[in-house]
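The structure comes next, and the description follows it.

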Number of protein chains: 2
Amino acid sequence: MPRTDRKKAEASARPPVQPAETFRRSRHDRALETAQDYVEAIADLTAAQGEARVVDLARRLGVTHVTVNRTLARLQRDGYVSTKPYRAIFLTPGGSRMADECRQRHQTVVAFLQTLGVSAKAAELDAEGIEHHVSPETLAAFERFIKKH
Amino acid sequence: MPRTDRKKAEASARPPVQPAETFRRSRHDRALETAQDYVEAIADLTAAQGEARVVDLARRLGVTHVTVNRTLARLQRDGYVSTKPYRAIFLTPGGSRMADECRQRHQTVVAFLQTLGVSAKAAELDAEGIEHHVSPETLAAFERFIKKH
DNA sequence: ATTGAAATGTATCCATAGCTACATAATGGT
DNA sequence: ACCATTATGTAGCTATGGATACATTTCAAT
Ligand SMILES: [Mn+2]
Ligand SMILES: [Mn+2]
Ligand SMILES: [Mn+2]
Ligand SMILES: [Mn+2]
């Protein structure tokens, strides 16, 4: 059996938890970020101005309308939105459910950070990324903390 | 001027903060995730077994050795690591500095979540993703909370 | 009804980040 | 010294997500 031991390997055998799992979870969460941000934005825009258009999403997300178009095609393929050429964008029931969860979670993460003493500005900036990696267990802990303070 | 007003637009003009900025920040953080996870893993492996090899990184990160190879080429291009064919991987001074920061921040995020009542398992899983979106201000708030509890 | 500006769509390019399949190098056990 | 196993490297595929340049469609003002 070649290549088995390393320069000073015999000390610690294997780490207690498989670290590969944490990275896989992190990558999995990252893959859902786009869908979550889009459905959340579509729900926000529809609530705020009656409809969500491609330009609105592009402005809101800080990308070009081309990126929005291709992403919407993927979201439609995956059953989150329904679009017709040159028309407004609508969430499917599934997309609407996801949007509700994301809005709620986003709100909780922002409120939690502010309760902790983080400025409104930094809380909003950090939450936009953090929200996608907060498990239900951690979200519950955030909510407990908010209620207690 | 066509296409100016929307179905019930005149109510709220523009949101208080430009939301596009938060998404740009989030995407920027996301782009650094890979580099941060790799240098952190290289530092860990080097500390634990004297050297970091491609196979070790592949096992640790849960990807194939091919993915590790291409990523290392990018990290070398960007000045974080130095590699020679069929040899172990070394961090440059810059890579080492980044690794130290990442290890410290990772540790803080995990400890913070546990202090908040999150289980060790969930804390580790969530921290792997959250860490990359925690600003210095929020990190400082986490540290204050840990010290106070 | 016309028409020009805005919105939307399409073609094509680039970088990142995963994979399988195959080729070559290194090394420990014999 | 040999060689089988392991480690490493390379070729080429896919998907996501960003961009610019150009084409087409809509729609509000005239
Ligand atoms: Mn987000
Ligand atoms: Mn959000
Ligand atoms: Mn990480
Ligand atoms: Mn980490």
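## H4 and H6 of chain B

In this predicted model, helix H4 (residues 93–115) of chain B packs against helix H6 (residues 136–148) of chain B at an angle of about 50°, with the axes 9 Å apart. Axes are lines fitted to C-alpha atoms, for helices over the stretch in contact, and angles run from 0 to 180 degrees between N-to-C directions. H4(B) is therefore oblique to H6(B); under 35 degrees counts as roughly parallel, over 145 as roughly antiparallel, 65 to 115 as roughly perpendicular and the rest as oblique. The crossing of H4(B) and H6(B) is left-handed, a term for a near helix turned anticlockwise from the far one by less than a right angle, with right-handed for clockwise.

On the H4(B) side the contact (heavy atoms within 4.5 Å) includes B:Gln104, B:Arg105 and B:Phe112. H6(B) contributes residues including B:Leu139, B:Phe142 and B:Ile146. Seven residues of this contact are nonpolar, three polar and two charged. Here Ala, Val, Leu, Ile, Met, Phe, Trp, Tyr, Cys and Pro count as nonpolar, Asp, Glu, Lys and Arg as charged, and the others, Gly among them, as polar.

## H4 and H5 of chain B

H4(B) also packs with helix H5 (residues 120–130) of chain B, at about 140° and with axes 9 Å apart. The two helices H4(B) and H5(B) are therefore oblique to each other, and their crossing is right-handed.

Among the residues that meet are B:His106, B:Val110 and B:Leu113 in H4(B) and B:Ala123, B:Ala127 and B:Ile130 in H5(B). The contact of H4(B) with H5(B) has seven nonpolar, two polar and three charged residues.

## H5 of chain A and H1 of chain B

Between the chains, helix H5 (residues 120–130) of chain A and helix H1 (residues 19–49) of chain B pack at about 50°, their axes 8 Å apart. This makes H5(A) oblique to H1(B), in a right-handed crossing.

A:Glu124, A:Leu125, A:Asp126, A:Glu128 and A:Gly129 of H5(A) meet B:Glu21, B:Thr22, B:Phe23, B:Arg25 and B:Ser26 of H1(B). By class, two of these residues are nonpolar, three polar and five charged.

## The course of H1 in chain B

H1(B) bends by about 35° at B:Glu33, the bend being the angle between axes fitted to the seven residues ending there and the seven starting there. Just after H1(B), B:Gly50 has a positive phi of about 85°.

## Basis

Helices (H or I, at least four residues) and strands (E, at least two) are DSSP runs, numbered from the N terminus. Residues are numbered from 1 along each chain as its sequence is written, and chains are lettered from A and ligands numbered from 1 in the order in which they are written. Local features need pLDDT of at least 70, side-chain atom pairs count only at pLDDT 80 or more, and totals for chains, interfaces and linings use all residues, while side-chain values use heavy atoms, leaving out hydrogens and water.
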